[in-house]
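This report walks through one structure, part by part. Keep the sequence and the 3D view open while reading.

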Amino acid sequence: MAVTVKATSQPRSTLDVARIRADFPILSRTVNGKPVVYLDNAATSQKPRQVIDAMSAVFEEHNANIHRGVYEFSETTTAAFEGARAKVARFIGARDDREVIFVRNATEGVNLVAYTWGRENIRSGDRIISTVLEHHSDFVPWQQLAKDVGAEIVMIDVDDDGRLRRDQLSAELKKGAKLLAITHTSNGLGTVNPVKEIVAEAHAAGATVLVDAAQAVPHTPVDVTDLDCDFLVFSGHKMLAPPGSGAVWARIKLLERMPPFLFGGDMISRVTVEKTEWNELPWKFEAGTSSYVDAIGLGAAVDYLGAVGVAKIHEHELSLVAYLLPRLAETEGVTVYGPKTLEDRVGVVSFNIEGIHPHDVATIFDREGVCVRAGHHCNQLLMTRLGVAATTRASFYLYNTTAECDALLGAIDKAKKVFKV
Amino acid sequence: MDDMYRDYILDHYKNPRNQGELSGATNTYADSNPLCGDELSMALRIEDDRVADVRFNGKGCAISQASASILTEEIKGKTLDEVKAIDKDHILENLGIPISPARIKCALLSLKTLKGAAWGLPAWPDEEDTKTRAAGQRR
């Protein structure tokens with residue numbers, strides 16, 4: 001395997017990783033007697049003390065339901081919840097806090113758009129463009145919508161390095177499409193798509209664009225105004241926040257034209273037996289008691305990420321990829337999938353060891369304290385394209401180190417020894 | 001570590017017994033663990049209510065494939081009733097290694113596939129509806 005790492009673009013980490021690691025209580029744990037080496041950040045990230053404390057503070061100091069009580073606890077919690085929305089809005093470059101709808105995760109975000117905008121706008125014979133890089137969360141909702149309304153799903157392929165086939169995408173956009181649902185960053189391979197260019201091209205072709213940024217917002221600077229997409233979704237749990245937090249972003253005008261997703265409390269302004277009037281944005285889309293403590297945790301997480309600097313985190317992860325890729329290339333029997341260069345990628349490295357199934361690899365790694373994902377990564381379309389049933393995936397975040405890359409390489413040797421390959 | 005990937009497990013994985021096609025098969029069944037990508041098919045030739053011969057085919061992790069290989073060795077010559085009586089505990093005992101909860105499905109895919117073949121099932125009962133729908137034959 002040829003790995004080109006351009007000397008001129010050699011990424012250099014400027015993070016104080018030791019100090020960062022001290023903020024994450026879980027990273028001092030041991031697994032099977034070995035220090036934990038957590039390399040499954042594309043599945044979910046660990047949480048810093050600051051996020052845990054922000055959430056504990058709600059429960060210990062002022063917990064009460066939001067938007068309802070007229071007493072101090074409720075007002076304090078409501079302010080923290082709406083404050084978190086403002087922080088998230090700033091973090092992704094939204095122009096208005098009301099453009100941020102809190103949801104449980106990116107999956108719920110895509111479903112929100114599919115069930116509301118999708119059902120109003122996508123009709124029989126319409127074309128929805130998707131890609132083989134999509135996580136199931138940004139494919140299955142569109143596949144099911146297409147089935148229900150009689151629309152057509154058009155798939156865009158990748159090249160052998162896992163880069164999107166822009167030529168194919170351009171050709172399909174020229175034929176017309178109602179929607180392009182595309183991932184910003186592949187969770188399976190780490191490929192970063194040139195989303196800004198793609199959005200401009202899709203808009204010129206008359207398509208609405210939803211960007212799945214679940215793997216992007218945690219790892220690279222994302223600015224919705226700059227991207228100029230129509231919808232953007234992401235999960236909190238992959239970016240230091242708790243599971244149960246996440247957001248959909250869209251412009252006010254578009255959100256105002258959309259019908260609500262879920263019906264119930266908090267999303268209404270006036271209810272009579274005959275009819276119901278919807279609440280204002282963003283609450284029109286937030287039925288029932290929100291996961292407000294999780295959202296407040298997300299607010300604390302973006303504070304943390306903002307203070308460290310997402311661009312620096314990206315550079316740090318790339319420095320780990322630059323360290324790991326050539327060493328993997330030198331390891332006999334290892335095949336790496338996805339981009340072999342540092343351009344337009346994040347710290348996700350998918351690989352297989354010849355003669356050992358990824359699940360056996362992950363089991364042996366576990367005994368070494370190394371946590372990786374083995375499987376299809378909710379990317380069955382991509383696995384089919386790569387011609388594999390599963391891969392082993394290591395994915396980095398701001399607290400990972402080159403020493404942990406060495407632990408991974410050591411675990412590979414161990415697996416090969418156990419399997420005698 | 002070596003408690004799980006013992007020599008005989010790796011031996012069955014690398015040199016599977018009774019792997020291949022079975023001519024004159026009377027009962028066949030195929031199944032998979034979509035989450036891990038383990039695939040297994042089992043073919044039996046039943047003569048006078050006994051397993052006259054057996055073959056399996058599959059790909060997947062060491063645990064799922066070794067489990068199948070060990071099982072095929074065991075059931076040759078057994079009566080259908082004996083095969084139908086094999087249970088989960090028996091399989092785990094056969095493997096003789098600690099299996100974590102996350103890997104239990106790997107270990108038991110062989111049993112599921114064998115049961116499907118022994119009972120002559122067209123599809124696993126509680127999954128029939130899912131499979132029918134997946135095939136686009138919505139009722």
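## The largest nonpolar core

The largest nonpolar core has 166 residues, and among its members A:Val211, A:Val248, A:Ile296 and A:Ala301 touch the most others. A nonpolar core here is a set of buried Ala, Val, Leu, Ile, Met, Phe, Trp, Tyr and Cys residues joined through C-beta atoms within 7 Å. A residue is buried if 20 or more other C-beta atoms lie within 10 Å of its own, exposed if 12 or fewer, and partly exposed in between, with C-beta atoms placed from the backbone. In soluble globular proteins, nonpolar side chains tend to be buried together.

Helix H10 (residues 292-308) of chain A gives the most to this core, 10 residues. Helices (H or I, at least four residues) and strands (E, at least two) are DSSP runs, numbered from the N terminus. Leaving out residues up to four places away in sequence, A:Ile296 touches A:Ala54, A:Met55, A:Val58, A:Ala80, A:Phe81 and A:Ala84. Two residues are in contact if their C-beta atoms, placed from the backbone, lie within 7 Å.

## Model and confidence

This is a predicted model, in which local features need pLDDT of at least 70 and side-chain atom pairs count only at pLDDT 80 or more, while totals for chains, interfaces and linings use all residues. Residues are numbered from 1 along each chain as its sequence is written, and chains are lettered from A and ligands numbered from 1 in the order in which they are written.

The predictor's confidence in each residue, from 0 to 100, is called pLDDT. Chain A has an average pLDDT of 96, and 98% of the residues score at least 70. Residues 1-8 of chain A have a pLDDT below 50, and this stretch has 15 contacts in the model beyond near neighbours in sequence. Where pLDDT is low, the predicted coordinates should not be read in detail.

## Helix H5 of chain A

Which residues are buried in helix H5 (residues 140-149) of chain A? They are A:Pro141, A:Trp142, A:Leu145 and A:Ala146. Seen down the axis of H5(A), these buried residues fall within an arc of 135°, so they line one face of the helix. The arc is that of the directions from the helix axis to the C-beta atoms. An α-helix has 3.6 residues a turn, so residues three or four places apart point the same way.

A:Lys147 and A:Asp148 are exposed on the other side of H5(A). The cover over the buried residues of H5(A) includes helix H4 (106-121), strand S5 (127-131), strand S6 (152-156) and strand S7 (179-183) of chain A. Just after H5(A), A:Gly150 has a positive phi of about 80°.

## Two loops of chain A

A:Leu240 lies in the loop between strand S9 (231-235) and strand S10 (246-250) of chain A. A:Leu240 is not a glycine, yet its phi is positive, about 75°. A:Leu240 counts as buried because it has 29 C-beta neighbours inside 10 Å.

The loop between strand S12 (276-278) and H10 of chain A holds A:Pro282. The peptide bond that joins A:Leu281 and A:Pro282 is cis, with omega about 0°.

## The strands and a helix of chain B

Chain B has six helices and three strands, in the order α-β-β-β-α-α-α-α-α from the N terminus. Of its 139 residues, 33% count as buried.

Strand S1 (residues 27-33) and strand S2 (residues 38-47) of chain B run antiparallel and are joined by seven bridges; strands pair if DSSP finds at least two bridges between them. B:Asn33 has B:Asp38 in S2(B) as its bridge partner. S1(B) and S2(B) form a hairpin with four residues between them, and B:Gly37 in the turn has a positive phi of about 85°. S2(B) also runs antiparallel to strand S3 (residues 50-59) of chain B, with nine bridges joining them. That hairpin has two residues between its strands, and B:Asp48 in the turn has a positive phi of about 50°. B:Asp48 is exposed, with 7 other C-beta atoms within 10 Å.

In helix H1 (residues 7-14) of chain B, the buried residues are B:Ile9, B:His12 and B:Tyr13. These cover an arc of only 100° around the axis, which puts them on the same side of H1(B). The buried residues of H1(B) pack against helix H2 (62-75) of chain B, while B:Asp7 and B:Tyr8 are exposed on the other side of H1(B).

## Where the chains touch

How many residues does each chain give to the contact? Chain A gives 12 residues and chain B gives 13 residues. On the side of chain A that touches chain B, helix H12 (358-367) and helix H14 (402-419) of chain A are the elements that give two or more residues. H12(A) supplies the largest share, five residues.
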